[in-house]
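Trainee: Hi! Could you walk me through this one? I'm new to reading structures.
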Amino acid sequence: MKNTLNLTVKYPTFETIARNDPDNLESRFQWFQLYKDTDLDYLKNCVFIDEAGFHISMKNNWAWSEKGTQAIVKT
C-alpha cells in the first residue's frame with residue numbers, strides 16, 4: 001500500500017464534530033438556563049461520570065493518510 005497508493009501509517013489527530021456543533025451548544029445553553037435559578041447545588045447534589053477513559057479505549061491508535069499529510073479522524 002505504501003508504494004502503490006502513496007499512503008503511510010501515522011498516529012492520528014482526533015477532531016470532534018459534535019462538541020462545538022451550533023445545535024449542541026444551543027442545547028447546552030438551554031439546559032443551563034433551565035437549571036441556573038434552581039436550588040441545584042453541584043457540590044452536594046450532583047454526580048458527574050467521566051466517560052473519557054471509555055472512549056479513549058475504543059479509538060484506533062493508527063490511521064492511513066497520504067504521504068506528507070496529517071492523519072485527521074473526525075469523531
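Mentor: Happy to! Let's start with a term: patches are made of residues with over 30% relative accessible area and no salt bridge, where like charges are joined within 9 Å and nonpolar side chains (Val, Leu, Ile, Met, Phe, Trp, Tyr) within 5 Å. A salt bridge is a side-chain nitrogen of Lys or Arg within 4 Å of a carboxyl oxygen of Asp or Glu. Accessible areas come from the Shrake-Rupley method with a 1.4 Å probe, and for residues only the protein chains shown count as cover.

Trainee: Okay, which residues make the nonpolar surface patch here?
Mentor: Phe29, Trp31, Phe32, Leu34, Tyr35, Tyr42 and Phe48 make it, and the patch covers about 780 Å². Do keep in mind that this is a predicted model, where local features need pLDDT of at least 70 and side-chain atom pairs count only at pLDDT 80 or more, while totals for chains, interfaces and linings use all residues. Residues are numbered from 1 along each chain as its sequence is written, and side-chain values use heavy atoms, leaving out hydrogens and water.

Trainee: Where is confidence lowest, and where highest?
Mentor: The pLDDT, the predictor's confidence in each residue from 0 to 100, is lowest in helix α2 (residues 52-58), with a mean of 60, and highest in helix α1 (residues 22-35), at 88. Helices (H or I, at least four residues) and strands (E, at least two) are DSSP runs, numbered from the N terminus. For the protein chain, the mean is 77, and 80% of residues reach 70 or more.

Trainee: New topic: is serine 65 buried or exposed?
Mentor: Serine 65, in strand β3 (residues 63-66), counts as buried because its relative accessibility is 8%. Buried means under 20% relative accessible area, exposed over 50%, and partly exposed in between (1.4 Å probe, protein chains only).

Trainee: And what does its side chain make a polar contact with?
Mentor: The side chain of lysine 10, at 2.9 Å. A polar contact is a pair of N or O atoms within 3.5 Å; within protein, one must be able to donate a hydrogen and the other to accept it, and residues adjacent in sequence count only if both atoms are side-chain atoms. Lysine 10 also has a side-chain polar contact of 3.2 Å with threonine 8.

Trainee: Why does threonine 8 count as buried?
Mentor: Because its relative accessibility is 18%. Threonine 8 lies in strand β1 (residues 7-10).
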